[in-house]
Amino acid sequence: MIRKLFITLTALVTVWACATAQQPKFDFPADTRIGIVNYLEGYATHHHFSSLRFDSFSKQIDVDWDIPAYIENRLSNAIKADSRYTVVLIKPANSLKGVNQEPELSGQTLKSKAIRLEKAAYLNTLAEKYDLDGLILVRSFRGPSVIKIDKHPIELAGYGLLTQQLLMSKHAYAYANITVEVFKTRPLVYIGSGKPENRKASLSNISLEGKLKNIPQSEIEKLEPLMKGYAEQAVKNAFEQTSICYRVIAG
């Protein structure tokens with residue numbers, strides 16, 4: 001009986017330890033070179049879910065917010081504020097078009113099957129080419145949203161607007177599946193990421209009159225400050241999750 005109790009307690013401690021394990025932390029010295037690769041798309045996305053199902057759709061929306069440049073500038077300026085770091089802006093390769101379809105990697109490592117070998121090989125190539133000690137990858141991802149239908153989260157990709165029509169009621173939500181992933185290089189190790197916390201509250205300042213597939217651009221533009229706020233959150237959370245920008249956060 002005592003032996004069984006001991007085995008059970010040991011198993012529980014092991015599970016708890018694994019569940020609370022932290023991502024590895026690294027102390028980056030002076031003259032650290034950090035590369036930023038920005039795969040975030042420049043367009044927004046409008047996802048619509050209808051209770052009729054056949055009326056649901058997903059479409060790209062042209063906007064002039066330039067969220068990729070916005071988030072890249074926030075990252076670059078914050079990192080440069082730490083005298084240890086040199087920032088290297090890298091134009092992404094077109095060969096990794098599927099990168100924005102991958103799930104968000106928070107809580108995982110490069111040994112996970114969720115990370116494609118092609119992506120790891122590409123980041124290793126960049127590390128060698130640009131003599132990098134660290135890499136930051138900015139991208140969108142596909143994953144469950146905070147909005148649920150029959151207790152099941154609606155799957156979303158990118159960032160922008162989610163509308164929902166259930167019988168006669170219409171609702172609109174701003175969402176951003178944006179992640180800032182941080183890697184140590186040589187050897188390549190995933191050390192953390194940051195993403196925004198999407199709001200569950202329906203937007204009250206956007207008119208949903210008429211056909212939802214043709215929402216006026218003037219209404220879409222109301223999302224800009226929310227998207228920039230989400231971008232700020234992604235950067236801030238990435239800094240807090242990794243030691244790469246610790247001194248920037250701590251001041």
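**Close-up views of the cores and ring contacts**

**View 1. The largest nonpolar core of the structure brings together 42 residues**. In this predicted model, the residues with the most contacts inside that core are Trp-65, Ile-71, Ile-136, Tyr-159 and Met-227. Two or more residues each are given to the core by several helices and strands, namely β1 (32-38), α2 (67-80), β4 (85-90), β5 (134-140), β8 (159-166), β9 (169-176), β10 (178-184) and α5 (224-241). Helix α5 supplies the largest share of the core, which amounts to eight residues.

**View 2. Trp-65 is shown with its contacts beyond the neighbours within four places in sequence**. With those neighbours left aside, the residues in contact with Trp-65 are Ala-44, Tyr-159, Ile-220, Glu-221, Leu-223, Glu-224, Met-227 and Lys-228.

**View 3. Tyr-39 and Tyr-122 form an edge-to-face aromatic pair**. The structure holds two aromatic pairs, and in the one formed by Tyr-39 and Tyr-122 the rings are 6.5 Å apart, centre to centre, with 75 degrees between the planes. Tyr-39 belongs to the loop between β1 and β2 (44-50), whereas Tyr-122 lies in helix α3 (residues 117-129), so the pair ties together parts that are 83 residues apart in sequence. Tyr-39 is buried, with a relative accessible area of 13%, and Tyr-122, at 13% relative accessibility, counts as buried as well.

**View 4. The charged end of Lys-213 sits over the ring of Phe-57**. The distance from this charged end to the centre of the Phe-57 ring is 5.3 Å.

Note on methods:
Residues numbered from 1 in each chain as written. Predicted model: local features only at pLDDT ≥ 70, side-chain atom pairs only at ≥ 80, totals over all residues. Heavy atoms only, no water. Core = buried A, V, L, I, M, F, W, Y, C linked by side-chain atoms within 4.5 Å. Buried < 20%, exposed > 50% of the residue type's maximum accessible area, 1.4 Å probe, protein only. Helix = DSSP H or I, 4+ residues; strand = E, 2+ residues; numbered from the N terminus. Contact = heavy atoms within 4.5 Å. Phe/Tyr/Trp six-rings, centres within 6.5 Å; stacked < 30°, edge-to-face > 60°. Lys NZ or Arg CZ within 6 Å of the ring centre and 35° of its normal.
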